[in-house]
Amino acid sequence: ESSAWRDHLDINPNRNKKHYHLSRTNERKRRHSHSQQHQQARTMMKLSLPQTAAIFATFAATSSAFVIPTTSSTASKTSMDLYKVFIDGEAGTTGLQVRGRLEKREDLEIISPPDELRKDAETRKKFINEADAVILCLPDAASIEAASWVEDDNDRTVLIDASTAFRVADDWTYGFPEMSKDQREALSKSKRISNPGCYPTGFIGLTRPLVEAGILAEGTPLTVNAISGYSGGGKALMEIYEAGGAEPWGAYGFGLTHKHIPEMAKYSKLNRKPIFQPQVATFVQGMVVSVPLHYAWLHGDDVKAADLHAALTEYYKDASAFIEVVPLGESGCKDAGLLERGAFLRPDTLADTNKMQLFVFANDEQEQAVLCARLDNLGKGASGAAVQNLNIALGLDETTGL
């Protein structure tokens with residue numbers, strides 16, 4: 001859940017969702033070879049039913065890894081083969097979404113402390129160091145503390161932080177795989193990954209390719225206007241909206257110090273902070289991030305809308321299964337059925353996905369353009385990105401579970 005929202009809205013979510021307790025067994029007791037198991041099964045097939053039942057009871061009482069062999073291709077896979085993932089803060093908005101994307105997978109084991117110990121520092125530290133990967137779904141200060149609990153001799157555990165605490169830290173890898181041609185490889189080698197913010201994902205996704213193409217120069221003064229579903233404010237804001245007492249639309253962040261701004265400036269390669277105008281409205285999840293451009297700001301020979309669209313298309317053509325550059329302009333989007341009633345770009349179309357769509361609307365005669373990114377603030381903007389980064393860091397197919 002977005003700590004940036006909580007800073008502006010003074011939100012302190014009360015996490016009290018149901019927790020899951022997955023007991024850990026003693027790994028030493030599980031080291032039984034499959035040949036031994038098969039031999040035990042063959043022996044028991046020759047015994048009477050009472051004899052067999054007695055052996056089953058005795059063996060099960062002394063071995064937590066007692067498995068009856070089968071012919072299934074996956075039956076021999078034990079929990080020793082699975083990557084262990086700990087979601088610290090799994091009762092929050094993002095944590096619940098991450099868990100929902102992981103809990104049905106057969107290549108991972110989610111490990112969780114008992115409900116009464118989920119906030120206990122020593123218990124959390126133990127789970128952090130036992131996991132192969134940890135996804136921190138916590139406020140900034142709590143994430144900083146949790147990250148410090150990784151033991152000095154632990155060079156194995158991957159940390160993926162969903163807060164803003166480490167997003168511009170040089171010793172953390174920014175978790176936007178499609179951001180550059182080298183980013184995915186960097187993530188695959190990293191043990192410290194900062195998950196991008198939802199708004200920056202859209203802004204960087206639109207502007208970084210134009211900077212790399214030389215169309216936008218470093219230092220260009222941009223504005224970014226964005227609207228998000230109210231789930232971006234976490235549980236407290238969700239309760240306000242769902243109780244029916246909230247305004248239909250609201251802008252915020254008028255101090256112009258929103259915590260997403262530094263990562264926008266850094267990873268767009270503009271190295272200049274944009275003026276950011278975030279808004280929230282009465283839909284649960286989804287967002288549209290918009291960046292207006294005057295052609296006078298652009299570099300190149302007579303740059304037009306088609307050049308902007310071509311630069312984005314070229315940049316992302318082999319980048320990911322999740323980013324789509326849609327047909328050019330209003331007419332192209334109408335023909336593709338991307339505008340509601342032929343006119344409206346609705347923000348919640350990609351809810352519950354890890355996808356992001358990029359739009360170029362322009363008027364060459366007026367020499368103006370508006371770039372838009374549509375994504376799910378809880379998907380590609382949060383939990384979906386975390387799972388994608390988890391997959392890459394563990395060497396798995398990055399689309400798994402997405």
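A: This is a predicted model, and in it a residue counts as buried when its relative accessible area is under 20%, as exposed when that area is over 50%, and as partly exposed in between.

Q: OK, take S180 then: buried or exposed?

A: S180 has a relative accessible area of 16%, and because the cut-off is under 20%, S180 is buried.

Q: Where does S180 sit, and what is it in contact with beyond its neighbours within four places in sequence?

A: S180 lies in the loop between strand 5 (173–174) and helix 7 (183–189); with those sequence neighbours left aside, S180 is in contact with R208 and Y315.

Q: Zooming out, how many helices and strands does the chain have, and what share of the residues is buried?

A: The chain has 13 helices and 13 strands, and 50% of its 402 residues count as buried. Of the contacts with a separation of 6 or more, 75% are between residues 24 or more positions apart.

Q: Now helix 4 and helix 13: at what angle do they pack?

A: Helix 4 (residues 93–102) and helix 13 (residues 379–393) pack at an angle of about 45°, and their axes are 10 Å apart. That angle makes helix 4 oblique to helix 13, and the crossing of the two is right-handed.

Q: Which residues meet there?

A: From helix 4, T94, Q97, V98, R101 and L102 meet G379, A382, S383, G384, A386, V387 and L390 of helix 13. By class, this contact of helix 4 with helix 13 has six nonpolar, five polar and one charged residues.

Q: And how many residues of helix 4 are buried?

A: Seven of the 10 residues in helix 4 are buried, so helix 4 is mostly covered; the buried ones are T93, T94, G95, V98, R99, R101 and L102. Besides helix 13, these buried residues pack against strand 1 (83–88), strand 2 (108–110), strand 3 (133–136) and helix 9 (234–242).

Q: Switching topic, how many disulfides are there?

A: A search of the whole structure finds zero disulfides.

Note on methods:
Residues numbered from 1 in each chain as written. Predicted model: local features only at pLDDT ≥ 70, side-chain atom pairs only at ≥ 80, totals over all residues. Heavy atoms only, no water. Axes fitted to C-alpha atoms, helices over the stretch in contact; angles between N-to-C directions. Helix = DSSP H or I, 4+ residues; strand = E, 2+ residues; numbered from the N terminus. Parallel < 35°, antiparallel > 145°, perpendicular 65-115°, else oblique. Left-handed = near helix turned anticlockwise from the far one by under 90°. Contact = heavy atoms within 4.5 Å. Nonpolar A, V, L, I, M, F, W, Y, C, P; charged D, E, K, R; others polar. Buried < 20%, exposed > 50% of the residue type's maximum accessible area, 1.4 Å probe, protein only. Disulfide = S-S within 2.5 Å.
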